[in-house]
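Work through the exercises below with the model open. Try each task before you read its solution.

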Amino acid sequence: MAAQEFYTRMGDGKRVTMTKEKIMADLQAGTADAADMGTIPALTADDLERLLDIICDRNRVVAVEPGNEVVLTYDIGQLDFTGDNGNSGNGVDMGRLEAALIHERALGADTFELAHSDYSIKPVKPVISMEMQTMEEIQQEIIAPFFYGAMPNMGLYYAPDGPYGNPADLMREFKIDESMQQSELAAEHLARDIEYVGNKIMAAGADGFDFDTMASAGDADFVGGLKGVEALRKANPLAYINTGMAGESVMGIHGGIEFHGKTVAGLFPHQQVKVCEEAGANVFGAVCNTNTSKSLAWNMARAVTFVKECVKQASIPVHCDLGMGVGGIPMFETPPIDAVTRASKAMVEIAKCDGV
Amino acid sequence: MAGFENEKKALQDAMVAYKVPGILDAVEKARAAKMPANDIINAMGDGMTEVGVLFERGRLFLPHVLSAAAGMTKAMEVLGEDLKAQGGAAAAKKASVVMGTVEGDVHDIGKSICSTMLQCAGFDVHDLGRDVPKQKFIDECNNGCSMCGMSALMTTTMTVQRDVIEMMKEAGIRDKIVVMVGGAPVTQSWCDKIGADVYGESASETVSKVKDL
C-alpha cells in the first residue's frame with residue numbers, strides 16, 4: 001500500500017485501498033446522488049471533510065467522542081444469537097430470557113425486544129397467548145425498556161401464503177386494477193392484525209412495539225402498518241412505538257395508495273418520518289440502502305445525506321438502522337467492524353441521529 | 001427516422017405517461033403519418049428505457065412500468081402485422097431467458113421487474129415465478145433458453161444460485177448458457193465466486209448488460 005493510500009471497503013465488504021482524493025471524490029458523488037434522488041440538500045464542505053477524517057482514520061475501530069453517545073437498540077430479539085450465520089445470528093442456542101439479559105447486561109443495549117422466530121405479525125397471531133406469557137416473565141427480570149418486535153411483512157397476506165391475490169402475479173398478467181384492489185384489502189387485514197397482536201402484547205406488560213422493516217412489500221404494506229400504528233397508539237397513549245423502515249424509498253407496488261390523503265409511494269426518509277409521526281410513532285428508524293458496487297465513502301456520504309435531512313425535518317427522535325447493507329454499511333453477512341463503527345460515528349456526529 | 005420527429009416524441013411521451021389508451025393513440029397517429037413500423041417500435045423502446053430510468057429514480061412505480069409495458073404489448077399486436085405487410089418479418093426475439101426466484105425464497109418483486117424490462121427489450125422471457133426448484137431452471141435451459149436469470153433475496157437462499165450453476169456443469173450445458181444473478185445480498189464478488197456471467201445491481205443495469213452481450 002502506498003503511503004498516501006488508506007484501507008477502506010467496497011459496498012460488498014471487499015478490502016480496497018484508496019487515496020484521499022479518490023475518497024473525497026466518492027464522498028462528493030455519494031452526497032450528490034442522495035441530493036438528486038431525494039431532492040434534498042447535499043452535505044456541506046465541512047460535513048464532507050469530517051466524513052473524510054472518519055474514513056481515513058488509521059484505527060481499525062473508531063468511536064464517537066465522549067458526550068456524543070446515543071441510545072443503542074437491538075432488534076430481532078434472541079435471533080441474533082440463536083439464528084445461524086446466514087440469518088443474522090451466531091448459532092448460539094439459548095432461551096429468550098437469557099438473550100434478553102445478555103443484551104441488557106453484557107452488550108449494553110438500552111432497549112431490547114421479544115420476537116417470534118418468524119419475526120412477522122401474521123404468524124404471531126395464533127401463538128399470541130404464549131408470547132404474552134413470555135413477555136410477562138421477562139418483564140419480571142429485565143430493567144431496560146423491553147418491547148415486542150415484528151415486521152408487518154404484508155407479503156405473507158398474498159398468495160400462496162395468504163388470502164389475497166399476489167400483485168406480482170396479477171401485474172405480470174397486466175391485471176393492474178385488480179392488483180391494486182388486492183393490495184388495499186391486504187393492507188386493511190394487516191392493520192387489523194397489528195391492532196390485535198399489539199394490544200394483546202401491550203396488555204402483557206410490553207413497554208412498546210418495534211415495527212421492523214415497514215413497507216417491505218411496498219406502499220400498501222406501509223399504509224397497513226401506519227393504520228396499525230394509529231390503532232395501537234389510540235389504545236395505548238403512553239406506548240413507545242418505533243417505526244423502522246425497510247428501505248430509503250417506499251416502493252410503489254400499488255402506486256397510488258394514500259395515508260391521510262398523502263400518496264406514500266416514493267417517499268424518502270425525511271418524508272417517511274412525517275407520516276409515521278402522524279400515525280402516532282414516537283421514534284423513527286431511518287434506512288438507506290447500500291450499493292454493493294460503490295465504495296464505503298460513496299455509500300456513507302449518501303446515507304448520511306438522507307439521514308441528516310430526516311433528522312432536520314423530524315419532530316420525533318430518529319434512530320438510524322445500521323447493519324448489513326444499510327446505513328452505508330457493506331452488504332456482508334458479518335459486516336466489517338471498521339465500516340460499522342465509521343458509519344455509526346458519522347450518523348451520530350454528522351447526521352445527528354438520536355439513536356442507533 | 002428523419003421526418004418523424006414529432007411522432008417519435010409523441011410515442012416516447014406516451015410511454016412515459018404509461019396510459020395504455022394514450023400509447024395506442026400515439027401509435028395510431030404514427031401509423032397514419034406512415035411512420036415505418038420498425039421505427040415506431042424503436043421509439044416505444046426508447047420511451048420504455050426512459051420509463052425504466054424514472055422507475056429507478058423513484059419517480060414512476062411498478063404499476064406504471066407495467067402499464068407502459070401493457071401498452072407496448074398491445075401495440076405490438078398491430079405493429080407485428082404492419083411489419084409483415086411492410087416486407088419484414090415480425091421483430092425477432094433477442095434470446096430466450098428463463099427467470100425465477102430460487103427455491104426456498106418467495107421474494108419476487110425485483111425479479112418480476114427485471115423480467116418485464118427484459119421482455120420490453122425484446123427478449124423471450126419464461127418467468128417461472130418464485131420458489132423455483134433447481135431442476136426447473138435446467139429443464140428450461142434444455143428446452144431452448146440460452147439465458148438463465150436467478151434471483152435470491154436472502155443469504156440463506158443465494159447459495160442455490162451456485163447449486164444451479166453446478167447442475168448446469170454436470171448436465172454439460174454450462175458453456176451454452178448465460179447465467180445472470182441478482183437480489184439484495186448478491187454482489188459482483190458473489191457472481192464472480194460462483195462463476196455466473198452477469199450481476200445486475202438493478203433491473204435496468206441487468207437489461208443494459210445483457211443487451212450488450
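**Exercise 1.** Which residues form one aromatic cluster?

*Solution.* Note first that this is a predicted model. Now look for the rings. The cluster is made of Y148(A), F209(A) and F211(A).

**Exercise 2.** Find how many aromatic pairs the structure holds over all chains, then describe the pair of F147(A) and Y240(A).

*Solution.* Step one: count. Over all chains there are 5 aromatic pairs. Step two: take the geometry of F147(A) and Y240(A). F147(A) belongs to strand β4 of chain A, residues 146–151, and Y240(A) to strand β6 of chain A, residues 240–245. The pair therefore ties together parts that are 93 residues apart in sequence.

**Exercise 3.** Decide whether F147(A) is buried or exposed.

*Solution.* Take its relative accessible area, which is 3%. The cut-off for buried is under 20%. F147(A) is therefore buried.

**Exercise 4.** Describe the contact between chain B and chain A.

*Solution.* Start with the residues. Chain B gives 30 residues to the contact, and chain A gives 36 residues. Next, the area. The two chains bury about 2,300 Å² between them, with 57% of it on carbon and sulfur atoms. Then count the salt bridges: there are 3 between chain B and chain A. One of them joins R130(B) to D169(A), with the closest N and O atoms 3.1 Å apart.

Now turn to the side of chain B that touches chain A. Helices α4 (62–85) and α5 (109–120) of chain B each supply at least two residues of that side. The largest share, 8 residues, comes from α4(B). By type, that side of chain B divides into 12 nonpolar, 10 polar and 8 charged residues.

**Exercise 5.** Where is A69(B) found, and what does A69(B) touch?

*Solution.* Locate the residue: A69(B) sits in helix α4 of chain B. Check its accessibility. The relative value is 2%, so A69(B) counts as buried. List its contacts, leaving out residues up to four places away in sequence. A69(B) touches F174(A), M48(B), T116(B) and C120(B). Finish with a distance. From A69(B) to G172(B) is 103 residues in sequence and 36 Å in space, C-alpha to C-alpha.

Terms used:
Residues numbered from 1 in each chain as written. Chains lettered and ligands numbered in written order. Predicted model: local features only at pLDDT ≥ 70, side-chain atom pairs only at ≥ 80, totals over all residues. Heavy atoms only, no water. Contact = heavy atoms within 4.5 Å. Buried area = accessible area lost by both parts, 1.4 Å probe. Salt bridge = Lys/Arg side-chain N within 4 Å of Asp/Glu carboxyl O. Helix = DSSP H or I, 4+ residues; strand = E, 2+ residues; numbered from the N terminus. Nonpolar A, V, L, I, M, F, W, Y, C, P; charged D, E, K, R; others polar. Phe/Tyr/Trp six-rings, centres within 6.5 Å; stacked < 30°, edge-to-face > 60°. Buried < 20%, exposed > 50% of the residue type's maximum accessible area, 1.4 Å probe, protein only.
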